[in-house]
Amino acid sequence: QVQLVESGGGLVQAGGSLRLSCAVSGSDSSISSMGWYRQAPGKQRELVAEVSSDTSTKYLNSVRDRFTISRDDAKDIVYLQMNSLKPEDTAVYYCNVEFIAVGGLSGYWGQGTQVTVSS
């Protein structure tokens, strides 16, 4: 059974940093893309950052110069380094992983980790 276990969320003051981790287990399939989404209260879930199997990345414009996504394929872990955090970054952050499956891609979600940035 595929499991995505997230860690690293918490409470931080504006201007601070956090690093989120998402460890993937339970699948023999190759991983295509790995990403982080977030959802603030009353808002839709949005893509924050994504890294593909060729290590190309894409970012939400508002985090582009502050967040860095990376992946460790040997350990099947994806990280999100978040610097210069702002109160508007407050949200539940979800890890998303897509596996290469027969017939296409198969996606999975983590349980979410709360990030709260105080002003």
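T57 is partly exposed, because its relative accessible area is 41%, where buried means under 20% relative accessible area, exposed over 50% and partly exposed in between (1.4 Å probe, protein chains only). The model is a predicted one, in which local features need pLDDT of at least 70, side-chain atom pairs count only at pLDDT 80 or more, and totals for chains, interfaces and linings use all residues. Residues are numbered from 1 along each chain as its sequence is written, and side-chain values use heavy atoms, with hydrogens and water left out.

T57 belongs to strand 6. Leaving aside neighbours within four places in sequence, T57 is in contact with E50, V51 and I69, contact meaning heavy atoms within 4.5 Å. T57 and T68 are 11 residues apart in sequence, and their C-alpha atoms are 9.1 Å apart in space.

From this residue one may turn to the chain as a whole. The protein chain has 0 helices and 11 strands; helices (H or I, at least four residues) and strands (E, at least two) are DSSP runs, numbered from the N terminus. Along the sequence, the pattern reads β-β-β-β-β-β-β-β-β-β-β. The radius of gyration of the protein chain is 14 Å, close to the 14 Å that the globule rule gives for 119 residues, so the chain is as compact as a globular protein of that length. This radius is taken over C-alpha atoms, and the globule rule is 2.2 Å times the number of residues to the power 0.38. Along the principal axes, the C-alpha atoms of the protein chain fill a box of roughly 45 × 25 × 25 Å.

Of the 119 residues of the protein chain, 40% count as buried. Among contacts with a separation of 6 or more, 54% are accounted for by residues 24 or more positions apart. The accessible surface of the protein chain comes to about 6400 Å², and 45% of that surface belongs to carbon and sulfur atoms; accessible areas come from the Shrake-Rupley method with a 1.4 Å probe, and for residues only the protein chains shown count as cover. The protein chain carries 10 positive and 12 negative charges, whose mean positions are 7 Å apart. Lys and Arg count as positive and Asp and Glu as negative, while His and the chain ends are not counted; each charge is placed at NZ of Lys, CZ of Arg, CG of Asp or CD of Glu.

A search of the whole structure finds 1 disulfide, a disulfide being a pair of cysteine sulfur atoms within 2.5 Å. The partners are C22 and C95, with their sulfur atoms 2.2 Å apart. C22 lies in strand 3 (residues 18-25) and C95 in strand 9 (residues 91-101), so the pair ties together parts that are 73 residues apart in sequence. The torsion about the S-S bond of C22 and C95 is about -80°, and the disulfide is therefore left-handed. Both C22 and C95 are buried.

S32 is located in strand 4, and it counts as buried because its relative accessibility is 17%. Leaving aside neighbours within four places in sequence, S32 is in contact with V51, S52, S53, R71, E98, F99, I100 and L105.

The loops complete the picture. G26 lies in the loop between strand 3 and strand 4 (31-39), and its relative accessibility of 52% is why G26 counts as exposed. Not counting residues up to four places away in sequence, G26 touches Q1 and V2. The C-alpha atoms of G26 and V2 are 4.3 Å apart in space, although the two residues are 24 residues apart in sequence.

Two loop residues other than glycine have positive phi values. T55, in the loop between strand 5 (46-51) and strand 6 (57-59), has phi near 70°; T55 counts as exposed, because its relative accessibility is 54%. D76, in the loop between strand 7 (67-72) and strand 8 (77-82), has a positive phi of about 55°. D76 is partly exposed, with a relative accessible area of 27%.

S84 is found in the loop between strand 8 and strand 9. S84 is partly exposed, with a relative accessible area of 41%. Not counting residues up to four places away in sequence, S84 touches G15, G16, S17, R66 and D89. S84 and A14 are 70 residues apart along the chain, with their C-alpha atoms separated by 6.9 Å.
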